[in-house]
Amino acid sequence: MASVMPIKHVVDAKRSGFKFGHHSPEQDQLAHGVDFSSAKPVKSGINNAMWMNSKNHPHTVIAKNASLHPNRDERGHTGLGNLDSAKREVLYHNMARDFFGMGKYVPTTAGFTKDGNNYSVQKKVEGASIAKPIDQVGDKPLRFENPNHAKVISNLHDSGELHKLALMDHIMGHHDRHRKNYMIDDKGPGVHLIDNGTAFDYGNFDPRNISHLHESAKSNSIEGMGKKDDALHPEAQNWLMNLDPKKAAQVFADHSHSQDSAHAKGFTKRLKSLQDKVKKGGYGNVERLLAGNRGPMHEIHSRKKAA
């Protein structure tokens, strides 16, 4: 007779799922039945991430313990009114889906509480992998080991989607979109944004560390991509100008954040600043467009450079 798994190891989303997270049925299904007895460390240097099986989901999922997130105190993830990394992961997913209309690029992400700790859990994207670049030699552009990866990025660039994703990251205060924090496959939508637990940081980091999705559109990053001084794609510009700050405030409210919270204020400031720059024109290129809104870390870097 097969042994029965102790219920304490399996997540019950109805009892422990994030109430603030405005979970969809798909999110509840993802979190429900996550089996901690199957946990295996992720071999990528992420000390708070584990692969786990999920009862109600056909594939393995990745779960991360917010209490083990690196530098969580200095990143403002602790204390009254602040978001830990698990809640940021869920909020990033839901804002991408409900406000930006870009949810297809973010794997389903849910949150739950177990043994007093908050966890985020994200759906594994079958067939997707981290882009592995070939080292740049001389002045030649950087190339991917998988040539199809460059084609996927190139198509997203040409359609304006790549610039939309870079703008979305910037507005949501995500400054950690390096090449290990997105995955690529040959099927739609092509790019999958992962590891979003440092989003909504508007005062702790230097915003010059803009989305590497924008960097990927430069000619010195991926073979066959656009010019270094890339103009904002017309489709991305129209999309940006049609984003409504009032709707953003409502989505935050749906997730138990008032428009006066630090996260909502930072979000709205970024959004309005980008829209004002585009209205005025003369910003030149995407890099200059995203270079504003510099926080305290910029001042620190500037003083060190001057010294």
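The pLDDT is the predictor's confidence in each residue, from 0 to 100. Helices are DSSP runs of H or I, at least four residues, numbered from the N terminus. Over residues 295-307 the pLDDT is below 50, and this stretch has nine contacts beyond near neighbours in sequence. Contact means heavy atoms within 4.5 Å. Where pLDDT is low, the predicted coordinates should not be read in detail. For the protein, the mean pLDDT is 77, and 73% of its residues reach 70 or more.

Residues are numbered from 1 along each chain as its sequence is written. Local features need pLDDT of at least 70, side-chain atom pairs count only at pLDDT 80 or more, totals for chains, interfaces and linings use all residues, and side-chain values use heavy atoms, without hydrogens and water.

Now take helix 9 (residues 262-280). At 1.5 Å a residue, its 19 residues should span 27 Å, and its end C-alpha atoms are 27 Å apart, which agrees. The expected span is 1.5 Å times one less than the number of residues. Its buried residues (under 20% relative accessible area, 1.4 Å probe, protein chains only) include Phe-267, Leu-271 and Leu-274. The buried residues of helix 9 pack against helix 3 (85-98), helix 5, helix 7, helix 8 (245-254) and helix 10 (286-289). Gly-281 follows helix 9, with a positive phi near 75 degrees.

Helix 5 (residues 161-171) also meets helix 7 (residues 234-241). Residues in this contact include Leu-167 in helix 5 and Trp-239 in helix 7.

Methods
Axes fitted to C-alpha atoms, helices over the stretch in contact; angles between N-to-C directions. Helix = DSSP H or I, 4+ residues; strand = E, 2+ residues; numbered from the N terminus. Buried < 20%, exposed > 50% of the residue type's maximum accessible area, 1.4 Å probe, protein only.
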